[in-house]
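Keep the sequence and the 3D view open while reading.

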Amino acid sequence: MKVPIFQVDAFTQEVLSGNPAAVCPLSEWLPDDRMQSIARENNLSETAFIVKKEEGVYDLRWFTPTTEVELCGHATLASSYVIWDCLDDRSTTIEFDTLSGRLKAGRQDGMIALQFPEAPLDACPEPPGELTEGLGATPVEVFAVGPGNRLYSYLAVFESSDAVCNLAPNFEALKRLGEICIIATAPGGGVDFVSRFFAPRFGIDEDPVTGSAHCALVPFWAERLGKKRLHARQVSARGGELFCERRPDGIVIAGHAVLYMEGVLTI
């Protein structure tokens with residue numbers, strides 16, 4: 001069986017930077033274990049699979065090397081790029097049916113803009129010791145990210161961008177938090193805010209650029225800075241830029257994407 005594959009660097013204008021995602025267009029779904037095996041073989045933070053329903057409307061699923069996830073920003077950006085620039089879909093907007101509901105992508109100032117939901121935040125006055133041990137530094141504030149009691153991330157706030165850049169995490173300690181991701185963030189660094197993202201229990205020690213993390217970061221910094229439009233940078237080794245806006249119906253995360261590779265899988 002032949003499956004087309006595209007590898008796209010997201011949230012960047014230059015190849016070999018930003019966050020690489022694989023995108024596999026399918027005529028129908030493969031078995032879940034086969035898609036998981038492809039993602040493991042690709043060994044990228046995310047492999048996206050898309051199935052066209054009609055012009056401009058697609059089913060979309062995302063897999064890390066170890067598991068399927070409910071939301072991924074950079075692989076949605078990459079999928080949008082592939083649909084428009086490689087598959088020649090002429091729709092002005094793209095709608096994706098996903099585990100997180102229907103998501104939309106459009107064009108904005110030469111970029112691809114994603115409409116995502118906000119993620120709720122709750123103060124966490126007594127964060128677990130594994131968090132501080134794993135980050136190797138003590139944040140000034142910690143918030144729990146997730147709806148209700150369903151915690152899926154910690155948001156650790158630091159005083160400066162240098163503090164976030166200089167983090168040297170102990171990933172074995174962070175794994176003891178369970179299936180929880182960690183977002184480290186701070187103001188400044190020539191942008192409104194910076195961040196890093198760690199998810200060792202999902203097979204991703206550090207994700208280069210994480211669109212989904214900005215579902216929590218954008219409302220947090222919009223309130224903290226008193227701004228609706230925010231320029232963000234993820235300060236991983238590869239790095240990436242995001243142009244964000246908080247709106248009454250959610251957030252918009254915009255960025256560039258470039259094609260690195262295209263080919264065919266033989267499975």
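## Strand S6

Strand S6 spans residues 94–98 and is mostly covered, with five of its five residues buried. Buried means under 20% relative accessible area, with a 1.4 Å probe and protein chains only. Strands here are DSSP runs of E with at least two residues, numbered from the N terminus. Both faces of S6 are covered. Ile94, Phe96 and Thr98 are buried on one side, Glu95 and Asp97 on the other.

This is a predicted model: local features need pLDDT of at least 70, side-chain atom pairs count only at pLDDT 80 or more, and totals for chains, interfaces and linings use all residues. Residues are numbered from 1 along each chain as its sequence is written, and side-chain values use heavy atoms, leaving out hydrogens and water.

## Partners of S6

Strands pair if DSSP finds at least two bridges between them. S4 (residues 57–63) runs parallel to S6, joined by three bridges. Valine 57 has glutamate 95 of S6 as its bridge partner.

S7 (residues 101–108) runs antiparallel to S6, with five bridges between them. Arginine 102 in S7 stands opposite aspartate 97. Two residues lie between S6 and S7, which form a hairpin.

## Helix H2

Helices are DSSP runs of H or I with at least four residues. H2 covers residues 73–86. Twelve of its 14 residues are buried, so the rest of the structure largely encloses H2. Among them are His74, Leu77, Tyr81 and Trp84.

Aspartate 88 follows H2 and has a positive phi, near 65 degrees.

How values were computed
Buried < 20%, exposed > 50% of the residue type's maximum accessible area, 1.4 Å probe, protein only. Expected span 1.5 Å × (residues − 1).
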